[in-house]
Every structure is written in C-alpha cells, then in structure tokens.
Amino acid sequence: MSFLCQPVSRAFSSSALRSSVFKHVTVIGGGLMGAGIAQVAASTGHTVTLVDVSEDVLKKTVKGIEGSLQRVAKKKFADKPEAGEEFVRKVLQSISTSTDAASAAQTSDLVLEAIVENLQVKQELFGRLDKLAPVHTIFASNTSSLPIMDIASSTSRLDRFGGLHFFNPVPMMKLVEVVGTSATSQETFDSLLNFSKALGKTPVSCKDTPGFIVNRLLVPYMMEAIRLHERGHGSKEDIDVAMKLGAGYPMGPFELCDYVGLDTMKFIIDGWSANNPADPLFAQSELLNGLVAEGKLGKKTGEGFYKYK
C-alpha cells in the first residue's frame with residue numbers, strides 16, 4: 001500500500017505541540033480496525049477523515065459503519081427511534097473519506113494508521129506523511145506486534161510518535177494499549193491517553209516491548225498450548241475444555257487461535273522469534289507452520305485447528 005504525497009516545508013517549534021484532546025483525526029486503513037476506530041472517534045465528537053487507497057473499500061467501509069451505528073442506535077434509543085436516526089446521521093456527518101493521505105494529514109491533529117502489519121509499508125507511509133503533516137501533529141500506529149520505535153524511525157518526530165493498540169471489535173472492546181517509546185515525549189503520551197479516554201475507552205500504559213501487554217501474555221500462552229498438544233500431553237479439545245472450565249476463559253487456546261487467525265499467529269511469532277531467537281517463549285511450532293502452509297488459517301477459511309464448514 002502506498003500513498004502519493006507532495007513535500008512541503010515547515011519549521012518545528014516545541015510550543016506548537018498540542019496537549020489537548022485531538023479534534024481532527026485521520027485514520028488510515030479502511031479495514032475492520034480502521035472502520036471501528038473511525039466510528040468510535042466520530043461518535044465521541046471528533047472530526048474524522050478515513051483514508052484508503054480504494055474508493056470501493058471506502059464505500060463498503062462507510063456502509064459497514066452505518067450498519068454498526070444503526071445497531072447501536074437501536075439499543076441506545078429503543079424508545080426514541082427518531083433520536084436514533086439523528087444520532088446515526090450526525091456521526092456519519094463527522095466522517096469524510098479520502099484516497100489522498102497527504103491531503104488528510106495536512107489538517108490533522110492525529111494521524112493513526114491501521115493498515116497491513118508490514119514494517120516497510122508502515123515506515124514508507126509515515127516517512128512520506130512526516131514531510132507534510134503540521135509540526136504539532138502526532139503520529140500513532142495500531143500495530144499489535146511491530147516495535148513502535150522501528151516504525152517511528154522513518155520520521156523526524158520521534159517525540160510525537162506512539163502506539164494506540166485497539167482491540168477488535170473496536171466499538172465493543174473497552175481497552176486501548178497506549179504505547180510510548182524511549183523517545184516519546186510525556187506531552188505526546190498524555191495526549192494519547194486523554195484521547196483514549198475521550199473515546200470512552202480504558203487506556204493502559206505500555207512500554208515498547210514485543211506484544212505490549214495483552215499479546216505479550218496471550219500469544220505465548222496460545223503457543224504453549226500448541227506445544228503441549230505437539231508433545232502429546234493433551235488433545236486440543238481437552239486443553240480447550242480445561243482452560244474454559246478450569247480458568248474461566250470464554251474460549252480455549254485452540255478456539256482462540258482459530259478466531260485470531262493462524263496466519264496472524266505465525267506472523268507475530270515469526271517476528272518475535274527472529275528478534276529474540278534464544279527465548280523459548282518465541283519458539284516456532286511445526287504444527288502451526290504446517291497448517292498455515294496448507295491454507296488452514298482458522299474460522300476465516302473454514303478450517304484451522306477445528307473445521308467450521
């Protein structure tokens with residue numbers, strides 16, 4: 001994914017950095033995460049520009065947001081359908097779409113990407129937008145597994161760069177992991193915390209470590225379940241039942257792997273393993289690699305550890 005940007009000149013002044021909650025937010029990426037973030041931001045009084053390279057994707061995304069808002073309105077305004085319709089209309093009015101990331105960035109207080117989990121693509125995007133966005137604009141990534149500092153290194157605003165890791169589905173999930181690097185300023189970090197709170201979310205502060213908090217604990221747990229099964233120490237069905245009934249988890253680790261996507265699991269563990277080859281928590285799994293090679297990626301393909309057809 002690439003975005004055409006034209007450079008403009010600007011000068012930096014530390015006093016230009018805004019510590020208040022952002023007013024104009026640009027969300028780049030029209031997938032599930034980007035759509036959810038755009039919906040929540042617009043629903044909480046922010047002006048949102050949703051960017052993707054495809055007009056068709058944007059049309060489908062806005063239609064999906066409208067459907068999601070209608071479901072929210074049906075519950076929130078059960079006795080006042082007209083108020084519900086007005087709610088949907090006002091939120092949609094706060095969302096504009098564009099295929100021009102450069103133009104959108106020039107009027108934004110926050111540029112938040114939710115695109116493909118590819119370091120080079122993210123670096124290219126932010127490297128280009130860094131030349132265009134106002135000096136006060138803060139950049140943030142929704143990555144779930146890539147180091148924020150590695151993404152930020154493509155820009156000249158290391159102090160104005162952080163992570164905002166939302167969880168799917170964004171309108172429903174209350175948690176946001178707010179990630180600061182060693183270069184992120186306290187003012188930037190506070191702004192990202194305040195923005196998360198303004199969205200009605202519960203933020204937690206994270207360091208720029210592999211997987212932050214949730215995935216750093218969750219992915220090794222799921223990988224250890226797979227290794228337990230590979231060693232012949234438990235069937236996947238018994239392991240899932242044990243964790244649901246014994247630990248009170250809503251899903252067992254194999255069910256969760258299929259829900260997340262085995263390709264996503266492999267992508268995360270491949271990156272962590274490459275960067276931390278001596279850490280046994282990040283060791284590869286032949287079973288997982290084999291299923292991904294066969295195209296059995298979980299619920300989205302109809303088969304992973306379990307069959308869904």
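In which sense, parallel or antiparallel, do β1 and strand β4 (residues 110-113) pair, and over how many bridges? The points below take up this question and then turn to the rest of the chain.

1. The structure is a predicted model, and that should be kept in mind throughout. Its secondary structure comes to 12 helices and 8 strands. The radius of gyration of the chain is 21 Å, close to the 19 Å that the globule rule gives for 309 residues, so the chain is as compact as a globular protein of that length. Taken along the principal axes, the box filled by the C-alpha atoms is roughly 60 × 55 × 35 Å, and buried residues account for 47% of the 309 residues.

2. To answer the opening question, β1 and β4 pair in the parallel sense, and 4 bridges join them; within this pairing, Ile 28 stands opposite Glu 113 in β4. Strand β1 is also joined to strand β2 (residues 47-51), again in a parallel arrangement, by 5 bridges, and here Val 25 has Val 48 of β2 opposite it.

3. Strand β1 (residues 24-28) is largely enclosed by the rest of the structure, because 5 of its 5 residues are buried, that is, under 20% relative accessible area. The cover extends to both faces of the strand, with His 24, Thr 26 and Ile 28 buried on one side and Val 25 and Val 27 buried on the other.

4. The largest pocket has a volume of about 1100 Å³, and its lining consists of 34 residues, of which Met 33, Ser 144, Asn 168, Val 260 and Thr 264 lie nearest the centre. At least two lining residues come from each of α1, β6 (161-166), α8 (214-230), α10 (253-260) and α11 (262-275), and the largest share, 5 residues, is supplied by α8. By residue type, the lining of the largest pocket divides into 19 nonpolar, 11 polar and 4 charged residues.

5. The second largest pocket holds about 660 Å³ of space, and among the 26 residues that line it, Gln 39, Ser 68, Val 72, Pro 171 and Met 172 are the closest to its centre. The elements that give two or more residues to this lining are α1 and α2 (55-76), with α2 providing the largest share, 8 residues. The lining of the second largest pocket is made up of 12 nonpolar, 9 polar and 5 charged residues.

6. Two details of the backbone deserve a look in the model. The peptide bond from Asn 168 to Pro 169 is cis, with omega near 0°, and Pro 169 is placed in the loop between β6 and β7 (175-180); Asn 168 is also one of the residues nearest the centre of the largest pocket. Phe 212, although it is not a glycine, has a positive phi of about 60°. This residue, Phe 212, is found in the loop between β8 (202-207) and α8, and with a relative accessible area of 6% it is buried.

How values were computed. Residues numbered from 1 in each chain as written. Predicted model: local features only at pLDDT ≥ 70, side-chain atom pairs only at ≥ 80, totals over all residues. Heavy atoms only, no water. Buried < 20%, exposed > 50% of the residue type's maximum accessible area, 1.4 Å probe, protein only. Pairing = 2+ DSSP bridges. 1 Å grid on protein atoms, 1.4 Å probe; cavity = no way out; pocket = protein on both sides within 12 Å on 5 of 7 lines; lining within 4 Å. Points joined across faces, edges and corners; volume = space filled by probe spheres on them. Nonpolar A, V, L, I, M, F, W, Y, C, P; charged D, E, K, R; others polar. Rg over C-alpha atoms; globule rule 2.2 N^0.38 Å.
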